[in-house]
Amino acid sequence: MDKIASPRLLQIDNVTKTFPGVKALLSVNLEVRRGSVHALLGENGAGKSTLVKIVGGGYLPDPGGSMTFDGAPYAPSSPYDAIIAGVRVVHQELNLLPYLSVAENIFLDSLPRRGPFVDYRKLYSETGLLLSRVGLDLNPASPVELLSVAQMQLVEIAKAISTSCKLLILDEPTASLSSRDAERLFGIVRALRDQGLTTIYISHHLKEIYEIADCLSILRNGEMVTTRPVSGTSIPQIVSAMVGRQLDSEYPVGKTPASRETIMEVRNLRFDGNKYPVSFSLKKGEILGIAGLIGSKRTETVRAIFGADRKKSGEVFIGGKKVDIRSPADAVEAGLSLLTEDRKGQGLVLDMTLANNVTLAAPDKVSRAGVIDMKAERLSARRLSAELDIKTPSVDQLVRNLSGGNQQKVVLAKWLFKDANILIFDEPTRGIDVGAKYEIYLLLWTLLEKGKGILIVSSDLNELMGICHRILVFSDGKITADLERGDFDQERILSYAYQNYID
Ligand SMILES: Nc1ncnc2c1ncn2[C@@H]1O[C@H](COP(=O)(O)OP(=O)(O)OP(=O)(O)O)[C@@H](O)[C@H]1O
Ligand SMILES: [Mg+2]
């Protein structure tokens with residue numbers, strides 16, 4: 001069936017959403033065809049999550065607009081209304097309860113019962129069926145906290161399709177997936193489409209759109225710019241519609257080579273769960289990338305260096321001097337900063353303002369006699385918001401109210417404010433749109449000019465090859481290659497990344 005010409009499942013007419021100080025959506029129209037995968041694209045803060053939250057009953061739109069779903073007027077006033085109608089949203093930040101089992105999470109609102117008791121046999125068998133539909137081979141009784149992010153994502157999808165679901169909405173499902181897990185997810189989305197499910201798919205990875213979407217719509221500053229078939233639309237066309245200008249290249253070309261001076265050296269670092277000692281050095285003015293598959297212990301390594309997890313043995317030298325890092329506080333003292341992978345869990349306090357978050361790691365810089373000078377704090381936050389182009393009505397906005405990508409920028413601002421000499425970034429551009437990524441790369445280069453050293457873990461190999469001086473490849477906890485810029489080659493890096501799993 002031609003997915004583009006099939007009848008519409010969802011129609012949105014003239015929907016507007018205003019938050020204090022922000023017009024998140026302006027008279028938005030959208031038609032989603034039955035049985036299609038419809039991509040929703042746009043820069044950070046363009047209004048994508050807001051729109052799907054309205055469709056999912058999470059937000060009420062301003063008066064004036066209307067929606068129809070499955071042939072009937074549709075105005076959900078809660079997620080429950082939406083679920084009853086057949087609409088399920090898997091949100092940008094996953095919402096599973098870590099201590100409960102997979103099965104309990106999926107059937108949280110509708111645990112099968114026998115008399116007053118939960119019918120665990122039924123619960124587990126029904127969960128097993130759902131898990132197989134999303135291609136997951138998991139024990140329904142295992143607690144969610146033991147799962148990988150990819151598995152959690154699929155559990156969310158299993159949960160979504162546990163009730164009769166006609167429209168599945170995925171808000172940046174692949175932001176934290178490896179390419180292999182993402183491929184698997186695409187396979188599942190396609191299989192669900194073949195079973196007649198309609199999907200709205202939000203992503204900043206534009207290449208994915210060609211793999212799974214039939215149509216695409218682009219939001220810019222809360223306005224719907226275009227809806228069109230994916231085939232016949234090029235990436236540069238999408239990018240210029242998203243950002244309203246042409247981007248010449250994805251990565252700014254680095255101007256300066258790294259110096260010869262070593263700024264940090266790690267010698268024979270050992271930590272629990274890794275068989276291999278890790279040794280490498282970072283130079284002043286260098287961007288050193290760490291590539292590897294998800295689970296290759298890249299994150300564990302940087303956490304051990306930073307003192308966030310215990311190391312068993314090994315030494316860290318900073319500026320030639322041996323430092324004893326036993327806690328993150330020691331690391332900060334030694335001039336290190338770590339931008340973590342999980343912004344929700346470790347990087348930000350969602351119920352504090354943007355300005356508070358920015359100064360969180362270095363309150364002394366805006367304090368007098370131990371008291372925070374709020375004016376100074378706001379000034380610094382304003383400067384950094386402007387530098388990073390953070391989209392917010394003011395620096396007094398609660399971080400909770402910022403869009404996902406803008407929250408990630410606040411994490412960056414926080415560590416830039418701290419002004420450490422050695423910056424360790426774990427997946428810094430996750431969930432950040434193409435235009436903003438470019439700005440962040442430029443910023444990294446200005447940091448290098450100030451003599452800093454940057455260590456960056458990323459699952460985006462093109463990104464590492466685009467911005468690094470040198471790349472270390474991790475394979476199951478072992479450094480299998482140390483490549484200079486001239487030797488970067490995608491296939492080569494991948495084969496090193498797999499090496500220690502094959503041997
Ligand atoms: N609850 C809220 N209160 C105040 N402002 C909000 C709220 N939710 C969203 N906004 C604002 O609405 C705008 C659109 O945000 P939205 O989360 O929809 O963006 P997005 O397109 O999903 O971006 P991203 O790609 O970064 O996830 C942003 O300026 C955001 O700060
Ligand atoms: Mg969003």
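Biologist: I want to learn to read this structure. How many residues of domain 1 are in contact with domain 3?

Modeller: Nine residues of domain 1 touch nine residues of domain 3. By class, the domain 1 side of this contact has two nonpolar, five polar and two charged residues. Keep in mind that this is a predicted model.

Biologist: Into which domains is the protein divided?

Modeller: There are domain 1 (8-243), domain 2 (259-335 + 420-503) and domain 3 (342-419). Look at the bounds of domain 2: they are given as two stretches, 259-335 and 420-503. For domain 1 and domain 3, the C-alpha centres lie 30 Å apart.

Biologist: Now the whole chain. How many helices and strands does the protein have?

Modeller: The protein has 17 helices and 24 strands. Next, check the radius of gyration. It is 24 Å, close to the 23 Å that the globule rule gives for 503 residues, so the protein is as compact as a globular protein of that length. Along the principal axes, the C-alpha atoms fill a box of roughly 70 × 50 × 50 Å.

Biologist: What share of the residues is buried?

Modeller: A residue is called buried because 20 or more other C-beta atoms lie within 10 Å of its own. Here, buried residues make up 46% of the 503.

Biologist: Let me try a sheet. What is the order of strands in the open sheet of four?

Modeller: Read the order as E2-E1-E4-E5, with antiparallel pairing. Then look at the edges. Strand E2 (22-33) and strand E5 (72-73) each have a single partner strand, so one side of each is left without a neighbour in the sheet.

Biologist: How many bridges join E1 to E2?

Modeller: Eight bridges join strand E1 (residues 8-19) to E2, and the two run antiparallel.

Biologist: Where do I find parallel pairing around E21?

Modeller: On two strands. Strand E18 (residues 336-339) runs parallel to E21, joined by four bridges. Strand E22 (residues 453-457) also pairs with E21 in the parallel sense, over five bridges. Leu338 stands opposite Ile424 of E21, and Phe425 stands opposite Ile456 of E22.

Biologist: Which residues of E21 point to each side?

Modeller: Ile422, Ile424 and Asp426 lie on one side, and Leu423 and Phe425 on the other. Every one of these is buried, so both faces of E21 are covered. The strand spans residues 422-426, and five of its five residues are buried.

Biologist: And strand E6: which way do its residues point?

Modeller: In strand E6 (residues 87-90), Val87 and Val89 point one way, while Arg88 and Val90 point the other way. All are buried, Arg88 included. E6 pairs in the parallel sense with strand E9 (residues 167-171), over four bridges. There, Val90 has Leu170 as its bridge partner.

Biologist: On to a helix. How many residues of H9 are buried?

Modeller: Start with the general idea. An α-helix has 3.6 residues a turn, so residues three or four places apart point the same way. Now the case here. In H9, eight of the nine residues are buried, so this helix is largely enclosed by the rest of the structure. Among the buried ones are Arg298, Val302 and Phe306. Gly307 follows H9, with a positive phi near 80°.

Biologist: Is Arg310 buried or exposed?

Modeller: Exposed: Arg310 has 11 other C-beta atoms within 10 Å. Its place is the loop between helix H9 (298-306) and strand E16 (311-318). Leaving out residues up to four places away in sequence, Arg310 touches Phe271 and Asp272.

Notes: Residues are numbered from 1 along each chain as its sequence is written. Chains are lettered from A and ligands numbered from 1 in the order in which they are written. This is a predicted model: local features need pLDDT of at least 70, side-chain atom pairs count only at pLDDT 80 or more; totals for chains, interfaces and linings use all residues. A residue is buried if 20 or more other C-beta atoms lie within 10 Å of its own, exposed if 12 or fewer, and partly exposed in between; C-beta atoms are placed from the backbone. Two strands pair if DSSP finds at least two bridges between them. The radius of gyration is taken over C-alpha atoms; the globule rule is 2.2 Å times the number of residues to the power 0.38. Two residues are in contact if their C-beta atoms, placed from the backbone, lie within 7 Å. Domain bounds come from an automatic or database domain assignment. Ala, Val, Leu, Ile, Met, Phe, Trp, Tyr, Cys and Pro count as nonpolar, Asp, Glu, Lys and Arg as charged, and the others, Gly among them, as polar.
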